[in-house]
Amino acid sequence: MTATRTTAHIETTEAAAPHRPAPRGRALRTTGFHLTAGLLSALWLLPIVLVLLTSTRTFDDIAAHGVGSRPHSFTLDGFRQAWVDGGQQRALINSMLVTVPTVLLSLGLASMAAFALSRYALPFRRVLLLLMLGGNLLPPQILLIPVSKLSELLGIYDRLYALIGVQVGFGVGFYVFVLHGFMRAIPAEIQQAAVIDGANPWQIYRRVVLPLARPALAALSALSFTWIFNDLLWAITVLRTEDRMPVTASLIGLQGQYVSMWNVIAAGSVIAAAPTVAVFLRFQRHFVAGLNLGAVK
Amino acid sequence: MAPTGSARRPGATRVPPVVLAFVLVPLLAEAFWVFWPALQGFSLSLTSWDGLSAPTFVGLGNFSEMLHDTVFRTAAINTVLWLLLFGGLSAALGLGAALLLQQERRGIGFYRAALFLPVVFSLVATALVWQAMYQPDGLINHVLQAVGLGGWKHAWLADQDTAFYAVIVPALWRQVGYVMVLYLAGLKGIDPVLYEAAKVDGATRVQQFRHITLPQLRSVNAVVLSVIVIDSLRSFDVVWALTRGGPYHSSELLSTYMYSTAFQSLRLGYGSALAVVIFVLAFGVIVSYLVRAFREAD
């Protein structure tokens, strides 16, 4: 199944409700549905509400009443402590310095490979495609020790470059696979027309295929942003210095540094979650489509 | 892709050099950071190495050591248990949520977003949120007290009997929304005509679910299964942030044990061997996933 078809599914809803029960029964059923779904949503949102509340309480309030009690105070001091003293500001910058180039680089490289593999009769293209996907499916644990030694050897250990390098190398196979599925659905005639007009492969890639693959690229960007931003394992494998750690690793540091100061830890969690939640709320549609893109295979 | 492009485009068999570069550059990046290190990982698993002096070859010594390593046994059993509990429950709850929220109606977007929001959280942030809930003076104990179950109050993460299960809950809280999205897409792909026909034949809702919905979701099930197995074996962040495998290794997974063996005890050879075990466990899934992908890439 191609990626295009899945995205199409998302548009065509509303089809499966043919049988209409009697009005009274329907009202009852609707109420029942909203009760169940509402309760479930409330249960799911509860931890998020709780962390927001905790992040705005004072330490004394939590110490006196317990972290599970209702708030008796309001302050943004937890945020200040996490942001300034806890180094979350620096960590957030590090995270962005890694995430943005990684997303751009891996999607750029992956779209080129997917273009070549899907639009040209390269030898062994299927084997190459699956080899690249296979690399992404490897458990990262097998790579941790060699990767940390490799980055030491290259003199980039404890540098953000090392993290960008390994994230690109590890992620690219999956994006190639998804984009390949998307690009091969583009009709050959479009490409032939461009060839007749005298376009070279680079121009076809840049002006024809890339614009047509935009929905898939948008979906993958939203998805990969959260993956890379939320990563912990690669970061603590190739980085050592506190000041270079991204926000996830720094949050663990915060937990050790501010033991049972739940207002600071909660504020740190809010700071760490804010960028991905923002991406989700802004690109919700693409994001959900992206999850399905990957899963179609 | 034009199937075997040469048939339709006779001229296309000659591949321009720039197109070759398009494939080779990303492939080299992956080879450098993934394939080459993976091979090294396998060869390191046959050595004893402290990371400083030269590795010494010990053959299968690391693997025979595992047979007598009680922590390894705990971690392996926990990993399988994690796979079954985390995997089984997230699949069941995700399917349940998808069935509940499949119809387009007023407010559905909100409910879906609520279940889905945790998916974008980092597992570290998720873990810390739940850590606050699990505290002796946290919300969970407060609620237990309030409903008259004060006797059940617990230091959930500090007790060997409960730590493992306490770690699974946040992982599930985050995974259910993801599985739900996969199933929602699958449910939308089912032809409504099938249900119409079943109703004409007088099939009950349960019968429709058993004989139409479940069979039609087969390919989604395969995807969910692969996602779950791969995610389970990779699970690290949430355990590391909550308990680091403790207390007394009661929440240890192979992945956390591998990490602490390699980077804290600095037994890099043994750590590599543990990674090979994780690889072997994942291998079956990867292969079946690739076989499926191979067929579909055709």
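1. The largest cavity of this predicted model has a lining of 41 residues. Those nearest its centre are A:Phe170, A:Trp227, B:Arg174, B:Asp231 and B:Arg234, and its volume is about 1200 Å³.

2. What is the class make-up of the lining of the largest cavity? It comprises 24 nonpolar, 12 polar and five charged residues. B:Arg174, B:Asp231 and B:Arg234, three residues lying nearest the centre of this cavity, belong to the charged class.

3. In total, the structure contains five cavities of 30 Å³ or more.

4. Fifteen residues line the second largest cavity, and A:Val51, A:Thr54, B:Leu128, B:Val129 and B:Ala132 are nearest its centre. Two or more lining residues come from each of these elements: helix H2 (23-55) and helix H14 (262-282) of chain A, and helix H5 (123-134) of chain B.

5. By class, the lining of the second largest cavity has 11 nonpolar and four polar residues, with no charged residue. The lining of the largest cavity, by contrast, includes five charged residues.

6. The largest nonpolar core has 200 residues, and the members that touch the most others are A:Leu143, A:Val176, B:Trp82 and B:Val238. In soluble globular proteins, nonpolar side chains tend to be buried together.

7. A:Val176 may be examined in more detail. Leaving aside residues up to four places away in sequence, A:Val176 is in contact with A:Ala110, A:Ala113, A:Ala114, A:Leu117, A:Leu129 and A:Met132.

Notes. Residues numbered from 1 in each chain as written. Chains lettered and ligands numbered in written order. Predicted model: local features only at pLDDT ≥ 70, side-chain atom pairs only at ≥ 80, totals over all residues. Heavy atoms only, no water. Core = buried A, V, L, I, M, F, W, Y, C linked by side-chain atoms within 4.5 Å. Buried < 20%, exposed > 50% of the residue type's maximum accessible area, 1.4 Å probe, protein only. Contact = heavy atoms within 4.5 Å. 1 Å grid on protein atoms, 1.4 Å probe; cavity = no way out; pocket = protein on both sides within 12 Å on 5 of 7 lines; lining within 4 Å. Points joined across faces, edges and corners; volume = space filled by probe spheres on them. Helix = DSSP H or I, 4+ residues; strand = E, 2+ residues; numbered from the N terminus.
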